[in-house]
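Colleague: I'd like to learn how to read a model like this one. Could you walk me through it, feature by feature?

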Amino acid sequence: MVRFAFAAAGGGGLGLSLWLAFLRLGFATALILPLQWAIQQRKIPGKPINVSQLPPKAYGLAIAAGVCLALHFASWITSLSFTSVAASTTLVTTTPLWLVLISWIGWRERPGRLTLIGIGIALTGGLAIAGGDVAGQQLGSQPLLGNGLALIGAWMVSAYLLLGQAAQKQGLTLGQYILIAYGTATLGLLPIVVGDRQTIAQYPPEIYGYGLLMALIPQLIGHTSLNWSVRHLSPTLVSLWVLTEPLAASGFAWLFFQEVPSVSVLSGGGLILVGVACSIVGQSPQK
């Protein structure tokens, strides 16, 4: 959907990427708000949502998660202006790897031998992708910049999942959490996009349609499903399922945009997926 939006606008870039991130989160928040209000009314008739009644720590965690979500989309969507769909989605879905490292450094949960082997394999794959390019890519290609932005996106979504799990454990319902997190992310991007009013006015109407589609499908269905899942499973195991994203996204990019990944991107992506899978398998007995 991001690639289709870039095509409709005649190219990508930082301004359009941030606007798409804002539209995705803004539309999602606007759709959640009346739904959450209706749920609250059904539970407590005549009583509006009162954020002051939420656990203060949970509220702070949800806001922090929203900040990470805004940074995730700002960096990852922008990465698609500079690198291939295959490289970007492979790097941004290395979340399980970083969650294992966070557990090791932050909570002294030492990974097993297989996990360490997986980390080494994944890092090797990342080095392979770092030098990769895409045959026949129509957008200006700066793979090092794009891959770096995708990696930042992976770090931000790792923190987002951890904070989301913690916020919901503090007593927030799923609806309360996603309203606060998605709303915070929208407000975080608002000052940036408002400052770019002249450029925004030049975008074609199709941009808003793609923004709405991203809000309905990847955000409300995709991200909300992940947030529901971390209520019941570890973020590491939940993020394992996201490994299907590079395969599907690369296939769509090949089909619709003739974006054929280079050998280095394909081989590096394969190594990352294998490495992350090894990390998960090595971690699971400890969970």
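Modeller: Buried means under 20% relative accessible area, exposed means over 50%, and partly exposed is in between, with a 1.4 Å probe and protein chains only. C278 is buried as well, at 19%. Before we go on, this is a predicted model, where local features need pLDDT of at least 70 and side-chain atom pairs count only at pLDDT 80 or more, while totals for chains, interfaces and linings use all residues. Residues are numbered from 1 along each chain as its sequence is written, and side-chain values use heavy atoms, with hydrogens and water left out.

Colleague: How many disulfides does the count come to?

Modeller: The rule is a pair of cysteine sulfur atoms within 2.5 Å. By that rule the count is zero.

Colleague: Next, helix packing. At what angle do the axes of α3 and α7 cross?

Modeller: Helices here are DSSP runs (H or I, at least four residues; strands are E, at least two), numbered from the N terminus. Axes are lines fitted to C-alpha atoms, for helices over the stretch in contact, and angles run from 0 to 180 degrees between N-to-C directions. Helix α3 (residues 56–79) and helix α7 (residues 143–169) have axes that come within 7 Å and cross at roughly 160 degrees. Angles under 35 degrees count as roughly parallel, over 145 as roughly antiparallel, 65 to 115 as roughly perpendicular and the rest as oblique. So α3 and α7 are roughly antiparallel. Their crossing is left-handed, a term for the near helix being turned anticlockwise from the far one by less than a right angle; clockwise would be right-handed.

Colleague: What kinds of residues make up the contact of α3 with α7?

Modeller: Sorted by class, that contact has 19 nonpolar, seven polar and no charged residues. Ala, Val, Leu, Ile, Met, Phe, Trp, Tyr, Cys and Pro count as nonpolar, Asp, Glu, Lys and Arg as charged, and the others, Gly among them, as polar.

Colleague: And how do α7 and α8 pack?

Modeller: Their axes are 10 Å apart, at an angle of about 135 degrees. That makes α7 oblique to α8. The crossing of this pair is right-handed.

Colleague: Which residues touch the most other members of the largest nonpolar core?

Modeller: A nonpolar core is a set of buried Ala, Val, Leu, Ile, Met, Phe, Trp, Tyr and Cys residues joined through side-chain atoms within 4.5 Å. The largest has 50 residues, and W19, L20, Y160, Y177, Y182, L189 and I207 touch the most other members. Helices that each supply at least two residues include α2 (14–43), α8 (174–194) and α10 (206–229). The most comes from α3, with 11 residues.

Colleague: Is L172 buried or exposed?

Modeller: L172 is buried, since its relative accessible area is 1%. It sits in the loop between α7 and α8. Its C-alpha is 6.6 Å from that of A58, although the two are 114 residues apart along the chain.

Colleague: Where is H232?

Modeller: H232 lies in the loop between α10 and α11 (235–240). At 52% relative accessibility, H232 counts as exposed. Q165 is 67 residues from H232 in sequence, and their C-alpha atoms are 8.9 Å apart.

Colleague: What about L114?

Modeller: L114, in helix α6 (residues 113–130), is partly exposed, because its relative accessible area is 38%.
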